[in-house]
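Reader: Hi! Could you walk me through this one? I'd like to start with the charged pairs.

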Amino acid sequence: MTTPADGTAATQVCVIGAGSSGITAAQVLHARGVAFDCFEVGSEVGGNWRYDNDNQMSSAYASLHINTSRQLMEYAAYPMPETLPDYPSHRQIAAYFDAFVDHFGFRDRISFRTEVVQVEPVPGGGYDVTVRAAGAPAGSTSEVRTRRYQHVIVANGHHWKPRWPEPAFPGADGFSGEQLHAHHYRTPEPLVDKRVLVLGIGNSACDIAVESSRVAASTDLAMRRGAHIVPKFMLGVPTDHLTDSALARGPLKVQQVAMALMLRFTQGKVTDYGLPKPDHAVLHAHPTVSQDLLNRLGHGDLRVRPNIERFEGSTVFFADGSSDEYDVVVYCTGYQVSFPFLDSRVLASEDNHIDLYRRVVDPRHPGLYFIGLIQPLGAIMPLAEAQAEWVGDLITGVGALPSVEVMEAQIADYDRALAKRYVASKRHTIQVDFHAYRSEIAKERKRARRRMSRRA
């Protein structure tokens, strides 16, 4: 039976998702004594970092390791153990999340195997949140319940709904081999002795291509444009230890020159390895982090191809007129930003574009916040933690937002800056620079507190 929302519940806040962003939001609320419910469709915390998560949303593959060092990825409230390696595996990160939740003692506030199916704004303020047991058939009223909250924090992640090529390549539906998205890739065994084509030049594409090149009969890596390849280590230390300095807080041009010089000094030009020359300067697109790709290319274990043009049976034709036969095509073409529990009238996410003040607040719907809906040049977890602290201020009345007009003007400024800075791509619609954005949120928290003090 559906339980009507009566608006009398003492619980103020609903947190959707118990991944890396949801648990830091929960920790901030718990520390401030704010009553909240956290709903997680899976049976464990960790989200994307929980390998084979039973929420069916994890994109982690068996060999996955973080691509920013642990010192830059950890929460400020709970540093990672120094016994962990510089780049921990997904299993070590999931264990860290478990320890984080248990250390702060809010696991009992998380309702596991519970799916949020609708978040509906209520006239006069607040939201009716409808949940049901995970796995229940669509339309089923079994174990469905609705409760009203004053605030909703959305932390459902943005790496769980695969984005396939749009439009599909001509003839793709008639390909005689197997086509899969990187989201469904787990281990290289299915690629053994196969002719494999990997499409993409992001982190997942490079990891999968490298793994495939060790077991497949052949592996080709196709891409629409070139990319700057950043190794995990430079001069014997994690690369982000070198770049995370006063330099990284300086002007963009200075950052670009410094990074370009370090890459040229440590590994040469990507064109020396057969990759196309990037059509953009370093830091004008999300960098690709790989310690092994250039070595595999240099050894001849990988071939580079331009973008796919069309399919004919088992044959793939490329933009340069060349072609070859394949048994498997792996699409590493990114993810769609999606909120299946929000009606498009509440929030539209067309082409991964979301209008949010400081990438967090929906100006048109007071009390609706988004944590972790960013793609940083750097680690997301410390930024989600900073967002959560700001949202905690707003929920507890310590801080206040500016007018809707001011918020909408900031959103427009962000969109213009994004278009000027980054390569046009659905991947870059939520892009931020780590240090600049963390500073932006810190300044916004101070302004929010000053606004509240003036109103008091």
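Author: Happy to! A salt bridge here is a side-chain nitrogen of Lys or Arg within 4 Å of a carboxyl oxygen of Asp or Glu. The model is predicted, so local features need pLDDT of at least 70 and side-chain atom pairs count only at pLDDT 80 or more, while totals for chains, interfaces and linings use all residues. Residues are numbered from 1 along each chain as its sequence is written, and side-chain values use heavy atoms, with hydrogens and water left out.

Reader: Great. How many salt bridges are there between domain 1 and domain 2?

Author: The count between those two domains is one. Asp52 pairs with Arg186, and their closest N and O atoms are 3.0 Å apart.

Reader: And where do the domains run?

Author: Domain 1 covers 13-160 + 335-453 and domain 2 covers 164-331; such bounds come from an automatic or database domain assignment. Their centres, taken over C-alpha atoms, are separated by 29 Å. Domain 1 puts 35 residues into the contact and domain 2 puts in 30 residues, where contact means heavy atoms within 4.5 Å.

Reader: What area do domain 1 and domain 2 bury between them?

Author: About 2,700 Å², with 48% of it on carbon and sulfur atoms. Buried area is the accessible area (1.4 Å probe) that two parts lose on being put together, summed over both.

Reader: Changing topic: do β16 and β17 run parallel or antiparallel?

Author: Antiparallel, with four bridges joining β16 (residues 308-312) to β17 (residues 315-318). Two strands pair if DSSP finds at least two bridges between them.

Reader: Which residue in β17 is the bridge partner of Ile308?

Author: That's Phe318.

Reader: And what's the phi of Gly313 in that hairpin?

Author: Gly313 takes a positive phi near 60 degrees, in a hairpin that has two residues between its strands.
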